[in-house]
Amino acid sequence: MVVCRTIKEIRAFVSEARAERASIGFVPTMGYFHEGHLSLMRRARSENDALVISIFVNPMQFGPGEDFAQYPRDIQRDLALAEKVEVDAAFTPDASEMYPEGYCTYIEVEGLSDKLCGRFRPGHFKGVATVVLKLFNIVQPDRAYFGQKDAQQLRVIQRMVEDLNLPVYVVPVPTVREPDGLAMSSRNVYLDSEERRAALVLSRSLLEARRAIEAGELDARKIVDLVRRMIQSEPLVHLEYVEACRFEDLEPVEVISGKVLLALAARVGKARLIDNIIISH
Ligand code: AMP
(Lines give C-alpha, C1' and ligand atoms only; values in the text may rest on other atoms or scores of the structure.)
Protein backbone atom coordinates (compact mmCIF):
# COMPACT_ATOMS: atom_id res chain seq x y z
CA MET A 1 0.00 0.00 0.00
CA VAL A 2 1.27 3.45 -0.86
CA VAL A 3 0.53 6.40 1.41
CA CYS A 4 0.21 9.71 -0.42
CA ARG A 5 0.19 12.96 1.47
CA THR A 6 0.04 15.19 -1.61
CA ILE A 7 -2.27 15.51 -4.61
CA LYS A 8 0.73 15.07 -6.89
CA GLU A 9 1.58 11.69 -5.32
CA ILE A 10 -1.93 10.25 -5.48
CA ARG A 11 -2.31 11.57 -9.07
CA ALA A 12 0.83 9.61 -10.02
CA PHE A 13 -0.72 6.42 -8.57
CA VAL A 14 -4.03 7.08 -10.37
CA SER A 15 -2.31 7.77 -13.73
CA GLU A 16 -0.44 4.50 -13.53
CA ALA A 17 -3.61 2.56 -12.66
CA ARG A 18 -5.49 4.25 -15.52
CA ALA A 19 -2.66 3.46 -17.95
CA GLU A 20 -3.11 -0.20 -17.05
CA ARG A 21 -6.88 0.18 -17.62
CA ALA A 22 -7.49 -0.78 -14.01
CA SER A 23 -10.92 0.09 -12.57
CA ILE A 24 -10.62 2.28 -9.48
CA GLY A 25 -12.78 1.92 -6.38
CA PHE A 26 -12.73 4.78 -3.87
CA VAL A 27 -13.74 5.04 -0.19
CA PRO A 28 -13.55 8.56 1.27
CA THR A 29 -13.37 8.68 5.08
CA MET A 30 -12.45 10.85 8.04
CA GLY A 31 -10.53 7.95 9.59
CA TYR A 32 -10.65 6.35 13.06
CA PHE A 33 -11.78 3.15 11.40
CA HIS A 34 -14.43 0.73 12.59
CA GLU A 35 -16.17 -2.20 10.87
CA GLY A 36 -18.45 0.23 8.98
CA HIS A 37 -15.47 1.75 7.17
CA LEU A 38 -13.94 -1.68 6.62
CA SER A 39 -17.16 -3.04 5.09
CA LEU A 40 -17.02 -0.24 2.49
CA MET A 41 -13.40 -1.10 1.74
CA ARG A 42 -14.06 -4.84 1.45
CA ARG A 43 -16.95 -4.21 -0.93
CA ALA A 44 -14.80 -1.85 -3.01
CA ARG A 45 -11.93 -4.35 -2.96
CA SER A 46 -14.17 -7.06 -4.40
CA GLU A 47 -15.53 -4.86 -7.23
CA ASN A 48 -12.45 -3.02 -8.54
CA ASP A 49 -8.90 -3.65 -9.72
CA ALA A 50 -7.42 -0.85 -7.63
CA LEU A 51 -8.65 0.40 -4.25
CA VAL A 52 -7.99 3.95 -3.09
CA ILE A 53 -9.13 5.39 0.25
CA SER A 54 -8.80 8.86 1.69
CA ILE A 55 -8.43 9.84 5.33
CA PHE A 56 -9.15 13.53 5.83
CA VAL A 57 -10.95 15.23 8.71
CA ASN A 58 -12.47 17.94 6.55
CA PRO A 59 -12.59 21.23 8.47
CA MET A 60 -15.08 22.68 5.97
CA GLN A 61 -17.87 20.35 7.06
CA PHE A 62 -17.62 21.24 10.77
CA GLY A 63 -19.48 24.29 12.08
CA PRO A 64 -18.20 26.67 14.77
CA GLY A 65 -18.55 24.97 18.16
CA GLU A 66 -18.59 21.48 16.62
CA ASP A 67 -16.07 18.71 17.35
CA PHE A 68 -13.42 19.29 14.65
CA ALA A 69 -10.59 19.65 17.19
CA GLN A 70 -11.74 16.68 19.33
CA TYR A 71 -12.63 14.38 16.42
CA PRO A 72 -10.79 11.09 17.14
CA ARG A 73 -7.71 10.44 15.00
CA ASP A 74 -5.30 7.50 14.83
CA ILE A 75 -3.68 7.47 11.43
CA GLN A 76 -1.16 4.70 12.16
CA ARG A 77 -3.86 2.29 13.31
CA ASP A 78 -6.03 3.24 10.31
CA LEU A 79 -3.20 2.58 7.86
CA ALA A 80 -2.52 -0.84 9.45
CA LEU A 81 -6.22 -1.77 9.10
CA ALA A 82 -6.31 -0.49 5.52
CA GLU A 83 -3.28 -2.59 4.68
CA LYS A 84 -5.07 -5.67 6.04
CA VAL A 85 -8.05 -5.21 3.72
CA GLU A 86 -5.63 -4.76 0.81
CA VAL A 87 -6.05 -1.09 0.07
CA ASP A 88 -3.65 -0.09 -2.72
CA ALA A 89 -3.32 3.61 -1.97
CA ALA A 90 -4.27 5.83 0.97
CA PHE A 91 -4.56 9.58 0.36
CA THR A 92 -3.95 11.45 3.64
CA PRO A 93 -3.67 15.15 2.82
CA ASP A 94 -3.51 17.93 5.35
CA ALA A 95 -5.91 20.86 5.22
CA SER A 96 -3.48 23.18 3.45
CA GLU A 97 -3.07 20.64 0.63
CA MET A 98 -6.85 20.55 0.06
CA TYR A 99 -7.56 24.23 0.76
CA PRO A 100 -4.49 26.33 -0.03
CA GLU A 101 -4.57 30.03 0.66
CA GLY A 102 -7.07 31.82 -1.55
CA TYR A 103 -9.38 28.81 -1.85
CA CYS A 104 -12.94 30.05 -2.63
CA THR A 105 -14.94 27.50 -4.65
CA TYR A 106 -17.88 25.62 -3.09
CA ILE A 107 -20.56 23.12 -4.10
CA GLU A 108 -24.11 23.66 -2.91
CA VAL A 109 -26.65 20.87 -3.44
CA GLU A 110 -29.67 23.05 -2.78
CA GLY A 111 -32.80 21.74 -1.09
CA LEU A 112 -31.42 18.37 -0.03
CA SER A 113 -28.77 20.07 2.10
CA ASP A 114 -31.18 22.17 4.18
CA LYS A 115 -33.33 19.31 5.43
CA LEU A 116 -32.89 16.87 8.36
CA CYS A 117 -29.32 17.32 9.72
CA GLY A 118 -28.87 20.40 7.51
CA ARG A 119 -31.28 22.35 9.71
CA PHE A 120 -29.02 21.79 12.71
CA ARG A 121 -25.68 21.90 10.90
CA PRO A 122 -25.82 24.83 8.46
CA GLY A 123 -23.02 24.59 5.89
CA HIS A 124 -22.27 20.96 6.73
CA PHE A 125 -23.38 19.44 3.41
CA LYS A 126 -21.76 22.27 1.46
CA GLY A 127 -18.48 21.20 3.07
CA VAL A 128 -19.20 17.53 2.34
CA ALA A 129 -20.16 18.08 -1.31
CA THR A 130 -17.16 20.35 -1.90
CA VAL A 131 -14.60 17.94 -0.47
CA VAL A 132 -16.14 14.91 -2.19
CA LEU A 133 -16.13 16.63 -5.59
CA LYS A 134 -12.48 17.61 -5.06
CA LEU A 135 -11.63 14.02 -4.05
CA PHE A 136 -13.48 12.64 -7.10
CA ASN A 137 -11.49 14.98 -9.35
CA ILE A 138 -8.23 13.95 -7.71
CA VAL A 139 -8.85 10.17 -7.58
CA GLN A 140 -11.08 9.81 -10.69
CA PRO A 141 -12.74 6.64 -9.39
CA ASP A 142 -15.06 4.42 -11.41
CA ARG A 143 -17.02 3.58 -8.27
CA ALA A 144 -17.25 5.37 -4.91
CA TYR A 145 -18.66 3.76 -1.78
CA PHE A 146 -20.83 5.52 0.83
CA GLY A 147 -22.56 4.19 3.95
CA GLN A 148 -26.33 4.32 4.34
CA LYS A 149 -25.66 5.25 7.96
CA ASP A 150 -25.20 8.78 6.55
CA ALA A 151 -28.29 8.57 4.35
CA GLN A 152 -28.63 12.30 3.73
CA GLN A 153 -24.96 12.53 2.78
CA LEU A 154 -25.51 9.63 0.37
CA ARG A 155 -28.45 11.45 -1.28
CA VAL A 156 -26.52 14.73 -1.50
CA ILE A 157 -23.62 12.96 -3.24
CA GLN A 158 -25.90 10.96 -5.56
CA ARG A 159 -27.70 14.18 -6.53
CA MET A 160 -24.43 16.04 -7.13
CA VAL A 161 -23.13 13.20 -9.33
CA GLU A 162 -26.35 13.21 -11.35
CA ASP A 163 -26.63 16.99 -11.66
CA LEU A 164 -22.98 17.51 -12.62
CA ASN A 165 -22.77 14.39 -14.85
CA LEU A 166 -19.79 13.05 -12.94
CA PRO A 167 -18.44 9.81 -14.44
CA VAL A 168 -18.57 7.85 -11.19
CA TYR A 169 -20.99 5.25 -9.95
CA VAL A 170 -22.05 5.78 -6.31
CA VAL A 171 -22.47 2.51 -4.42
CA PRO A 172 -24.56 2.59 -1.20
CA VAL A 173 -23.46 0.18 1.55
CA PRO A 174 -25.74 -0.98 4.43
CA THR A 175 -25.16 0.29 7.97
CA VAL A 176 -22.90 -1.88 10.14
CA ARG A 177 -24.03 -2.16 13.77
CA GLU A 178 -22.57 -3.37 17.03
CA PRO A 179 -24.02 -6.73 18.16
CA ASP A 180 -26.46 -4.85 20.44
CA GLY A 181 -27.73 -2.66 17.58
CA LEU A 182 -25.83 0.62 18.06
CA ALA A 183 -24.80 1.96 14.65
CA MET A 184 -21.01 2.02 14.43
CA SER A 185 -19.57 5.53 14.44
CA SER A 186 -16.19 7.07 15.14
CA ARG A 187 -18.05 9.36 17.55
CA ASN A 188 -19.15 6.42 19.76
CA VAL A 189 -15.83 6.85 21.62
CA TYR A 190 -17.26 10.03 23.16
CA LEU A 191 -19.78 7.91 25.13
CA ASP A 192 -19.17 6.73 28.70
CA SER A 193 -20.69 3.38 29.67
CA GLU A 194 -23.99 4.87 30.92
CA GLU A 195 -24.38 6.93 27.76
CA ARG A 196 -23.43 3.96 25.61
CA ARG A 197 -26.26 1.95 27.21
CA ALA A 198 -28.73 4.83 26.86
CA ALA A 199 -27.82 5.33 23.18
CA LEU A 200 -29.24 1.89 22.40
CA VAL A 201 -32.70 3.45 22.47
CA LEU A 202 -31.95 4.97 19.03
CA SER A 203 -31.60 1.69 17.13
CA ARG A 204 -34.24 0.02 19.30
CA SER A 205 -36.82 2.70 18.50
CA LEU A 206 -36.13 2.35 14.76
CA LEU A 207 -36.52 -1.42 15.07
CA GLU A 208 -39.86 -0.90 16.84
CA ALA A 209 -40.92 1.44 14.06
CA ARG A 210 -40.07 -1.16 11.44
CA ARG A 211 -42.10 -3.75 13.34
CA ALA A 212 -45.09 -1.39 13.56
CA ILE A 213 -44.89 -0.70 9.81
CA GLU A 214 -44.67 -4.40 9.06
CA ALA A 215 -47.72 -4.92 11.28
CA GLY A 216 -49.63 -2.47 9.06
CA GLU A 217 -49.19 1.00 10.61
CA LEU A 218 -48.59 3.28 7.62
CA ASP A 219 -49.43 6.64 9.23
CA ALA A 220 -46.05 8.41 9.21
CA ARG A 221 -47.01 10.71 12.09
CA LYS A 222 -47.82 7.73 14.32
CA ILE A 223 -44.53 6.06 13.40
CA VAL A 224 -42.57 9.23 14.15
CA ASP A 225 -44.47 9.64 17.47
CA LEU A 226 -43.64 6.07 18.46
CA VAL A 227 -39.92 6.72 17.93
CA ARG A 228 -40.06 10.11 19.67
CA ARG A 229 -41.85 8.69 22.73
CA MET A 230 -39.38 5.83 23.13
CA ILE A 231 -36.41 8.19 22.89
CA GLN A 232 -37.92 10.75 25.24
CA SER A 233 -38.26 8.04 27.89
CA GLU A 234 -34.45 7.87 28.04
CA PRO A 235 -33.25 10.89 30.07
CA LEU A 236 -29.63 10.76 28.84
CA VAL A 237 -30.71 11.04 25.20
CA HIS A 238 -31.76 14.41 23.77
CA LEU A 239 -33.57 14.03 20.49
CA GLU A 240 -32.75 16.63 17.84
CA TYR A 241 -35.20 15.36 15.22
CA VAL A 242 -36.94 12.28 13.93
CA GLU A 243 -38.53 12.42 10.48
CA ALA A 244 -40.09 10.16 7.89
CA CYS A 245 -39.32 11.39 4.39
CA ARG A 246 -39.10 10.25 0.79
CA PHE A 247 -35.67 8.78 0.16
CA GLU A 248 -35.55 10.48 -3.25
CA ASP A 249 -35.88 14.15 -2.22
CA LEU A 250 -36.05 13.98 1.61
CA GLU A 251 -39.49 15.63 1.59
CA PRO A 252 -41.61 14.64 4.61
CA VAL A 253 -44.28 12.00 3.98
CA GLU A 254 -47.69 11.49 5.59
CA VAL A 255 -48.05 7.87 4.53
CA ILE A 256 -45.36 5.19 4.54
CA SER A 257 -45.33 4.26 0.86
CA GLY A 258 -42.54 3.72 -1.68
CA LYS A 259 -38.94 4.20 -0.49
CA VAL A 260 -39.07 6.02 2.84
CA LEU A 261 -36.18 7.17 5.03
CA LEU A 262 -36.88 7.23 8.76
CA ALA A 263 -33.99 9.29 10.12
CA LEU A 264 -33.05 10.75 13.48
CA ALA A 265 -30.31 12.65 15.28
CA ALA A 266 -29.78 12.90 19.03
CA ARG A 267 -27.28 14.18 21.51
CA VAL A 268 -25.95 11.76 24.10
CA GLY A 269 -23.36 13.35 26.37
CA LYS A 270 -20.75 14.98 24.14
CA ALA A 271 -21.77 12.92 21.09
CA ARG A 272 -24.18 13.87 18.35
CA LEU A 273 -25.39 10.54 16.95
CA ILE A 274 -27.44 9.79 13.84
CA ASP A 275 -29.25 6.64 12.76
CA ASN A 276 -31.86 5.66 10.20
CA ILE A 277 -33.68 2.88 8.47
CA ILE A 278 -34.80 2.73 4.86
CA ILE A 279 -38.22 1.21 4.34
CA SER A 280 -39.54 -0.03 1.00
CA HIS A 281 -43.29 -0.44 1.15
P1 AMP B 1 -16.75 8.92 8.17
O2 AMP B 1 -15.33 8.53 8.35
O3 AMP B 1 -17.56 8.83 9.42
O4 AMP B 1 -16.93 10.20 7.41
O5 AMP B 1 -17.39 7.81 7.23
C6 AMP B 1 -16.80 7.42 6.02
C7 AMP B 1 -17.77 6.52 5.27
O8 AMP B 1 -18.08 5.40 6.08
C9 AMP B 1 -19.10 7.22 4.94
O10 AMP B 1 -19.53 6.82 3.65
C11 AMP B 1 -20.01 6.69 6.01
O12 AMP B 1 -21.37 6.68 5.62
C13 AMP B 1 -19.49 5.28 6.17
N14 AMP B 1 -19.89 4.74 7.48
C15 AMP B 1 -19.72 5.32 8.69
N16 AMP B 1 -20.27 4.55 9.66
C17 AMP B 1 -20.80 3.47 9.04
C18 AMP B 1 -21.50 2.31 9.47
N19 AMP B 1 -21.78 2.10 10.76
N20 AMP B 1 -21.89 1.42 8.54
C21 AMP B 1 -21.63 1.62 7.22
N22 AMP B 1 -20.97 2.68 6.75
C23 AMP B 1 -20.56 3.60 7.63
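Start by selecting Phe26 and Phe136: both side chains belong to buried residues. Keep in mind that you are looking at a predicted model. Show the two rings and you'll see an edge-to-face aromatic pair, with 6.4 Å from centre to centre and 70° between the planes. Now colour by sequence position: Phe26 sits in strand 2 (residues 24-29) and Phe136 in helix 6 (residues 124-139), so you are looking at a link between distant parts of the chain, 110 residues apart.

Next, pick Phe120 and Tyr241. How are these two rings arranged, stacked or edge-to-face? Their centres are 5.8 Å apart and the planes make an angle of 20°, which is under 30 degrees, so this pair counts as stacked. Phe120 belongs to helix 5 (residues 117-120) and Tyr241 to strand 7 (residues 237-246), so the pair ties together parts 121 residues apart in sequence.

The structure has 8 aromatic pairs. For a group of rings, select Phe56, Tyr99, Tyr103 and Tyr106, which form one aromatic cluster.

Two charged side chains are worth a stop as well. Arg77 lies over the face of Tyr32, 5.8 Å from the ring centre. Then jump to Lys259, which lies over the face of Phe247 at 4.3 Å from the ring centre.

Now centre on the ligand. Which residues come nearest to it? Of the 18 residues around the ligand, those are Met30, His37, Asp150, Val176 and Met184.

- The side chain of His37 has an N or O atom 2.8 Å from an oxygen atom of the ligand.
- Gly147 places a backbone N or O atom 3.0 Å from a ligand oxygen atom.
- Met184 has a polar backbone atom 2.9 Å from a nitrogen atom of the ligand.

Taken alone, the ligand exposes 480 Å², and the protein buries 93% of that.

Finally, colour the shell by secondary structure. Strand 2, helix 2 (35-47) and strand 5 (143-147) each supply at least two of its residues, and helix 2 gives the largest share, with 3 residues.

Notes. Residues numbered from 1 in each chain as written. Predicted model: local features only at pLDDT ≥ 70, side-chain atom pairs only at ≥ 80, totals over all residues. Heavy atoms only, no water. Phe/Tyr/Trp six-rings, centres within 6.5 Å; stacked < 30°, edge-to-face > 60°. Helix = DSSP H or I, 4+ residues; strand = E, 2+ residues; numbered from the N terminus. Buried < 20%, exposed > 50% of the residue type's maximum accessible area, 1.4 Å probe, protein only. Lys NZ or Arg CZ within 6 Å of the ring centre and 35° of its normal. Near = heavy atom within 4 Å. Polar contact = N/O pair within 3.5 Å; in protein donor to acceptor, adjacent residues only side chain to side chain. Areas by Shrake-Rupley, 256 points an atom, 1.4 Å probe, with all protein chains shown as cover.
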